[in-house]
Amino acid sequence: MLIAIGGIIGAGLFLGSGKAIATAGPALLLAYALCGGMVYLIARALGELSLYRPGSGSFATYAEEFLGPRVAFITGWSYWLIWILVGVLEVTGIGLLMKYWFPELAQWIPALVTTVVLMVINLFAVKTFGEVEFWLALIKVVTIVGLIAAGLAILLFGLETSSQPPPSITHLWRHGGFFPNGWSGFWYAIPLAAFTFAGVEVIGLVAAETANPERTLPRAINSIIWRMAIFYIGSIAVIMALYPWNQIDTSQSPFVRVFDSIGLGVAAGLINFVVISALASSCNTGLFATSRMLFALSHIQQAPRQLQVLSPRQVPARCLMVSTAILLVGVLLNYLMPERIFNLLITGILGLLIWVWAVIIATHMAYRRKVQRGELPLMAYRLPWARGSSVLVLLFLAGLTVLVIRDPETRTAFYVAAAWFALLLLVYPKRNASKEVSDVHSA
């Protein structure tokens, strides 16, 4: 359950929420609610597929079965690339944040150390990965709960702060209204909000190595919706009730200011530590996800067959080493171009993520059509109002694509995704159709 929620709490909330607040004002709460609801439906669809047939390749292998090998090839390798880019982004962020304590430290050194340590952790049994991810996710959860508790205490008991005007729930609508930047501000905040929920789909990959997925997977997914409400909507609502949205410094984490207001003198250092742990958590998840995706792709002959070998601890060690080697290229980029890499990585992830989410929904729709024809069993845990929910999510993703293309700051994501898809179609391995089907079932 902590892996499920930890996957959607990252640096986007701790660091990126300041920019999102400046873009939409209090309307950001509505943007989080909309994106969170859509991501929850995606998780429910993936949960139903995962219980139908748990597998290490998750939605890539489901796409192979229901949408064809070409879609599976594009989806599997795109998801692998997403987490490679995320991993580079996270270790880059760790390198930048370590300068808070060590200003003269070269950015690439913490990036390299983090990559090597997380690789070693993932080489052990999957239980080791789960244990480390549990504690890293717990740090994030405790921090947000602490912020909400401190904020509510200030609001309810009138505790003194340095904020002017004084904290008040009316800040959510007094300074220009709930939509201070109009509907355009709200729409431009949607991609920022959606990006912060990236990672929830990892729960499908984890299902294959969970002792009792029929019991634990529904519990974990069902908990996502109310945790989104508490951790995202709750924390941002408290922040904007303590401080008018137009007084929040976009260059500083809003969390630092809240902890400063309750007299916690080490607030900046504390949040710096929490964000580093959040980035390490995301990179840890990324190494897990990329290794399992490569392992699944090798079983359907869309990655080298040599990657099918498991270590004595039942870990796809070769896949892990390949992903780590590519991740080390990102460490090299930190050395060669430390100032530019961060923004380049962010824009490259969003377009690919939209594709993966769309494929999950399309795969689920194809699965349900076979269920209706009596060809496959209906799971006890399933996506509610399946047809309407699926269409709603696809419309949302189409709208998100339009918003990404229209915004000059995120338009590069569309070009990156288009170039990547063109490359994958160029190198796509054509195989005999009957062999494809037999490979899926044997894998």
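Visitor: What makes F178, F179, W183, F186 and W187 a cluster?

Guide: Ring pairs do, as they link F178, F179, W183, F186 and W187 together. Bear in mind that this is a predicted model. To count as a pair, two rings need centres within 6.5 Å. A search of the whole structure turns up 20 aromatic pairs.

Visitor: Why is helix α5 called largely enclosed?

Guide: Look at residues 59-66, which form α5: 7 of the 8 are buried, so the rest of the structure largely encloses this helix. Buried here means under 20% relative accessible area. The residues of α5 that pass are F59, A60, T61, Y62, A63, E64 and F66. After α5 comes G68, with a positive phi near 110°.

Visitor: And H299, why is that one called partly exposed?

Guide: Its relative accessible area is 26%. You'll find H299 in helix α14, residues 267-299. H299 and T61 are 238 residues apart along the chain, yet their C-alpha atoms are separated by 9.5 Å.

Visitor: What makes α4 "mostly covered"?

Guide: The count again: 21 of the 25 residues in α4 are buried.

Visitor: Which residues touch the most other members of the largest nonpolar core?

Guide: Those are L28, W77, Y79 and I236, in a core of 131 residues. Helix α4, residues 28-52, gives the most to this core, with 16 residues. As for W77, leaving aside neighbours within four places in sequence, it is in contact with L294, L297, Q302, A303, W420 and L424.

Visitor: What makes W77 and L294 count as being in contact?

Guide: Contact calls for heavy atoms within 4.5 Å, and L294 is one of the residues in contact with W77.

Visitor: How much of the chain is buried?

Guide: Of its 443 residues, 55% are buried. The chain still exposes about 18300 Å², with carbon and sulfur atoms supplying 68% of that.

Visitor: What share of the contacts with a separation of 6 or more comes from residues 24 or more positions apart?

Guide: They account for 80% of those contacts.

Note on methods. Residues numbered from 1 in each chain as written. Predicted model: local features only at pLDDT ≥ 70, side-chain atom pairs only at ≥ 80, totals over all residues. Heavy atoms only, no water. Core = buried A, V, L, I, M, F, W, Y, C linked by side-chain atoms within 4.5 Å. Buried < 20%, exposed > 50% of the residue type's maximum accessible area, 1.4 Å probe, protein only. Helix = DSSP H or I, 4+ residues; strand = E, 2+ residues; numbered from the N terminus. Phe/Tyr/Trp six-rings, centres within 6.5 Å; stacked < 30°, edge-to-face > 60°. Areas by Shrake-Rupley, 256 points an atom, 1.4 Å probe, with all protein chains shown as cover.
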